Amino acid sequence: MAKVDTYDASNITVLEGLEAVRKRPGMYIGSVSTKGLNHLIYEIVDNSVDEHLAGYCDKIHVTLEADGSATVEDNGRGIPIEMHEKGMSAERLVFTTLHAGGKFDDSAYKTSGGLHGVGSSVVNALSDRLTVRVKKGGHIYEDSYERGIPTVELINGLLPSIGKTRETGTTINFLPDGTIFDKTWFKEEEVKSRLHETAYLNPNLTIVFEDKRKEELEYVEFHEPEGLVGFIQDINRSKEIVHEPIYFKGESEGITVECAFQYVNEFHENVLGFCNNIFNSEGGTHLTGFKTMFTTIMNTYARSLGILKDKDANFTGTDIRNGMTAIVSIKHPDPRFEGQTKTKLDNQDAAKVVSKVTGDEVVRFFDRNVETLKSVIGCAEKAAKIRKNEEKAKTNMLSKPKYSFDSNGKLSNCESRDAEKCEIFIVEGDSAGGSAKSARDRMYQAILPIRGKILNVEKASIDKVLANAEIKTMINAFGCGFSEGYGNDFDISKLRYNKIIIMADADVDGAHIATLLLTLFYRFMPELIYEGHVYLAMPPLYKAMPSKGEEEYLYDDAALDKYRKTHKGTFTLQRYKGLGEMDASQLWETTLDPSRRKLKQVEIEDARMASDITELLMGSEVPPRKEFIYKHAKEALLDV
Ligand code: TTJ
């Protein structure tokens, strides 16, 4: 253990606090998976964003370093390094005391949503090493820690100056502790997506992202002066838009409300809520306030325009949000959260204030833009028309008492009914499906072959989705129903298989099919993904057959390179073009056998990323993007 100069009672408390974090990291950062790992970066970045919101910082630089550490640098005022009570510098208190952040940060807006705002001390406790460099008052000061414990000796309770500068700012560099995290490789696509989002939410901020870990250095600057409007345009960039984005802002009771929305020609809604720059994946009171008021306003307009007659019932909220992309971003001085992942905003005053601002501003806009108003109501009319068909389709489907799994002869179910142990493989192509059927462990492994491309659910309306034979078979097989729009009939406790394994070829078409399936799950059964039931099978790309020694399956090109370098003597190489080429025993050895196969668990960091990828895949542009899509579909969606 490193020596500390003031090793008194307060230090012992500090060590106990940090030890608690190291013992139960999941309690503080959600998980020790890649998601939790990336959160370390966001945790640090959020402090710089707070400094930006306080009006003192306009640039944040995030670097993924070649040694696996991450650096976050800002040009704010710099964390206070003066001596504080308890014989410690303020900076030390920030990095060693749980939840000390707020005391030193004079920003009115706490970032205390969900997994965020747990404090820089948590990052410190979970890092092999962490260095803090503060530039202020003409000097550069440096402090450092190992697994949360300070390693720099204070002189008269103060950090020594290590140089001079005219600049101000804070730089943090940290290396996550490999004994705590499953993997310590930051996922650049997720980090970039999150930083880009932060840039949209803070139009006067520039965020630089740099990745120095690869041979080819990556440098991206995120600066989005158009803010929420730019964000909406980005989300809708490959969609058929109905009108230009509408933006409004307002303030009441100390709560600031900002909102942008735009309709597209699609049969679903995408309404995202943020509080103090943090995405609320479970929504909450700000979205309730927005939706309720918006529904009231649009029904009132529809009646006064004569689109709804006296005898007609109102449009439902879902009708009215048909095709809507919206972002509601509020700043609240004291946010509270509830829900399973503590990401649902709970403040009642947020509903009230958002509702009031929305009422004022939307009416002000539509009073002056009647043509836009009419096209937006047109989207609701379309939705209302198909609503009845949809309800019919749904009742038809659910009213059939028991589905015979074999009704269409496709599902080969497993014998066990112990969901915990059961797996279902969704296999692309009939020939691979056939091999899989004869190779599987019949007790616990079910096989569902699907042909070609399933329906693109992003673009299809619900009745078409439910009429699709393959999708029906899947919903029936899983056993938990589906959820969309009208009521939520999805019940994950009824899931019949603990693992749903997508088995597609390791090529562009395979990635496309996997993405279509993920889109289906994401839209109609999102809990499957959130609760970690969805996996991708990883069939090998090659089989190396040496003249002497054992055959070996190689799962990617890196593995092949390694084999070439390390293998002595000659070998023949078989390249698999697809699952269909493998016979049953090969398929069992490489892809089905739980003790030998490779699976990737699907983790979706956020809704925007999922829709991004699907967008790219579904968009009408094709060939030149395929390579890109394949790479990103793999990297961004999956926890490799
Ligand atoms: C607090 O009030 C006095 C002036 O400095 C304010 C402050 O805390 N500024 C500040 C903190 N700027 N940047 C940070 C910060 C930056 C990073 C990257 C990480 C942390 C924990 C804080």
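Helix H8, which spans residues 227-235, is mostly covered, with 8 of its 9 residues buried. The model described here is a predicted one, and its protein chain holds 21 helices and 26 strands. Of the 640 residues in that chain, 56% count as buried, and among the contacts between residues at least 6 apart in sequence, 69% join residues at least 24 apart.

**Helix H8**

**The five-stranded sheet**

- An open sheet is formed by 5 strands in the order S20-S19-S21-S22-S26, and the pairing within this sheet is mixed.
- Strand S20 (445-450) and strand S26 (599-601) lie at the edges and have a single partner strand each, which means that one side of each is left without a neighbour in the sheet.
- Averaged over the sheet and with direction ignored, neighbouring strands are turned by 25 degrees against each other.
- Strand S19 (residues 423-428) and strand S21 (residues 499-503) run parallel and are joined by 5 bridges.
- Within this pair of strands, Ile 426 stands opposite Ile 502 in S21.
- Helix H13 (residues 430-439) packs on the sheet and touches S19, S20 and S21, while the direction of H13 makes about 165 degrees with that of S20.

**Packing of helices H15 and H16**

- Two packed helices are described by the angle between their axes together with the distance between the axes.
- Helix H15 (residues 469-478) packs with helix H16 (residues 508-524) at an angle of about 55 degrees, and their axes are 12 Å apart.
- At that angle, H15 and H16 are therefore oblique to each other, and their crossing is right-handed.
- On the side of H15 the contact is made by Ile 471, Met 474 and Phe 478, and on the side of H16 by Leu 517, Leu 520 and Phe 521.
- The residues of this contact between H15 and H16 divide into 6 nonpolar, no polar and no charged.

Terms used. Residues numbered from 1 in each chain as written. Predicted model: local features only at pLDDT ≥ 70, side-chain atom pairs only at ≥ 80, totals over all residues. Heavy atoms only, no water. Pairing = 2+ DSSP bridges. Helix = DSSP H or I, 4+ residues; strand = E, 2+ residues; numbered from the N terminus. Axes fitted to C-alpha atoms, helices over the stretch in contact; angles between N-to-C directions. Contact = heavy atoms within 4.5 Å. Buried < 20%, exposed > 50% of the residue type's maximum accessible area, 1.4 Å probe, protein only. Parallel < 35°, antiparallel > 145°, perpendicular 65-115°, else oblique. Left-handed = near helix turned anticlockwise from the far one by under 90°. Nonpolar A, V, L, I, M, F, W, Y, C, P; charged D, E, K, R; others polar.
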